[in-house]
Amino acid sequence: MAVTVGSRLGLGMLRRLPAEARPLIRPGTVPTGVVHLGLGAFHRAHQAVFTEAAVGAAGGDWGIMAVAPRSTAVVEAIAAQDNLFSVSALSAAGSSTRVVGALSGVRHAPSDPDAVVALLADPAVRVVTLTVTEKAYQLDPVTGRLSPDSALAADLAGGGPPTTVPGLLLRGLAARAAADAGPVALVSCDNLPANGRRLRGMLDQAVSRAGAVPTGLVEWVAGNVTCPGTMVDRIVPASTPETIEAARRALGVTDLAAVAAEPYAQWVIEDDFPGGRPGWEFAGAVLTDDAGPWERLKLRALNGVHSAIAYLGALAGRETIADALEIPHLREVLRRLIAEDVAASFTPPDGVRVVDYGEQALARFGNPAIHHRTLQVAIDGSQKLPQRVLHTIADLRATGRSARWGALVVASWLRFALGYADDGRPLPLQDPLAGPIRAALDAGAQSPAGAVDAVFALRDVIPVEVAEDDEVRADVIAWLTALERHGVEATLAGAR
């Protein structure tokens with residue numbers, strides 16, 4: 001659909017907004033204290049919202065200077081709107097739209113990397129947050145070792161301006177140490193297992209492998225840089241022309257950086273900030289000593305269930321996650337996955353019942369106003385399934401328990417990777433390991449057992465303890481056979 005532009009969102013338009021839609025803080029009135037790398041929709045609908053609410057409630061110089069590592073489009077849109085954008089919360093009951101004023105400015109890293117390095121070295125900046133996706137960390141998913149591409153190799157060698165996220169951090173921290181600018185917390189907000197430890201590992205390896213490390217930088221980083229772990233949660237579909245048009249109708253002005261999301265949002269943060277932090281707890285964030293139990297809760301009881309819905313839904317020809325949940329018997333099977341497999345696989349945070357959390361997740365996934373496509377959720381399965389499903393299976397089997405419902409999720413992924421839905425329509429395999437996965441499936445194409453054995457030999461995806469477990473193998477083969485012969489709906493109807 002075409003977008004009606006008309007009057008643009010900006011400081012001069014705030015008085016025209018409905019009172020309930022106006023920002024809690026006015027851009028330009030709160031100095032920069034946070035630098036954020038990754039100016040995508042998720043950051044705008046999550047960390048920026050929490051930080052604005054925190055500053056509104058508890059004060060502090062915690063404006064966010066947001067840096068886009070790649071695209072200029074969102075930088076240009078937000079800059080033209082005086083650093084304002086809107087977030088619409090969508091539910092079956094309706095929507096509400098509010099303008100957010102957390103950003104003190106925006107930058108485009110490729111256009112001026114030296115300016116980003118200067119920001120990272122600024123003593124007023126005491127927190128650096130990141131939403132840059134797993135690929136930007138350039139860590140091997142199995143070993144955790146830094147695997148630099150040619151651009152990062154050039155950054156590590158030194159010389160030219162940095163072009164990668166690790167390179168920017170390395171150069172910025174070196175400048176910060178040289179300026180004696182004080183300690184800083186680097187906070188990964190990417191949906192990764194042990195994201196704080198991963199960021200720390202990437203940083204330490206980058207510093208140790210850099211070609212021209214200033215004297216004392218290794219020791220300075222060890223003593224002045226923390227990497228608190230986090231768990232982030234909010235469903236934020238990609239913005240569309242409909243997103244922008246809906247925001248225009250709600251606000252009376254056009255916001256070309258509008259995002260939409262579900263009403264629910266959660267942020268769990270390990271409280272390790274040597275230079276101080278915003279009062280995020282006043283915005284509803286959970287501050288903790290250990291985000292690990294919260295991370296496992298989300299990865300297994302929410303993300304793992306999300307993947308199950310995506311694969312089964314795509315196979316059954318359902319376009320969105322909410323549509324897929326209407327497949328007969330799917331909710332009952334997912335409840336068994338949560339209660340019998342996920343809840344038994346780990347110890348949840350104090351005061352949390354996994355079954356209740358899972359029921360809340362199903363309600364969120366059923367939100368008809370969130371058009372989250374099954375094919376979008378299904379991408380990168382080789383990167384997602386280990387922490388979402390395979391670790392659940394491994395932990396269950398270590399205690400001698402069955403992991404039959406987890407095996408169904410693995411089988412649905414394999415069936416999806418074969419490339420066609422139950423009605424014969426083609427399905428895309430968007431995955432960094434698409435080549436090896438297709439080769440394995442081709443090698444085992446003679447039978448479900450052959451397909452399972454071939455893919456289970458991929459150690460970059462399947463942990464050895466799962467791959468060599470005969471009971472798990474048999475369960476996956478049985479589910480894959482049923483899905484191949486009968487399709488999703490009949491398989492779920494016969495599930496016991």
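UniProt positions are given here in the numbering used for this chain, with shortened feature names, and annotations may be inferred rather than shown by experiment. The model is predicted, and local features need pLDDT of at least 70. Residues are numbered from 1 along each chain as its sequence is written.

**Exercise 1.** Find which residues UniProt lists for "domain: Mannitol dehydrogenase N-terminal".

*Solution.* Start with the record: the unreviewed UniProt entry lists residues 33-281. Next, look at that stretch: 36% is helix and 22% strand, with the end C-alpha atoms 17 Å apart. Helices (H or I, at least four residues) and strands (E, at least two) are DSSP runs, numbered from the N terminus.

**Exercise 2.** Work out where the buried residues of H12 lie around its axis.

*Solution.* First, list them: Leu-330, Val-333, Leu-334, Leu-337, Ile-338, Asp-341 and Val-342 are buried (under 20% relative accessible area, with a 1.4 Å probe and protein chains only). Then recall that an α-helix has 3.6 residues a turn, so residues three or four places apart point the same way. Finally, look down the axis: the buried residues of H12 fall within an arc of 140°, so they line one face of the helix. The arc is that of the directions from the helix axis to the C-beta atoms.

**Exercise 3.** Name the helices that the buried residues of H18 pack against.

*Solution.* Begin with H18 itself (residues 448-456), where the buried residues are Gly-450, Ala-451, Val-452, Ala-454, Val-455 and Phe-456. Now check their neighbours: these residues pack against H16, H17 (434-443), H19 (464-467) and H20, where contact means heavy atoms within 4.5 Å.

Methods. This is a predicted model: local features need pLDDT of at least 70, side-chain atom pairs count only at pLDDT 80 or more; totals for chains, interfaces and linings use all residues. Side-chain values use heavy atoms; hydrogens and water are left out. Buried means under 20% relative accessible area, exposed over 50%, partly exposed in between (1.4 Å probe, protein chains only).
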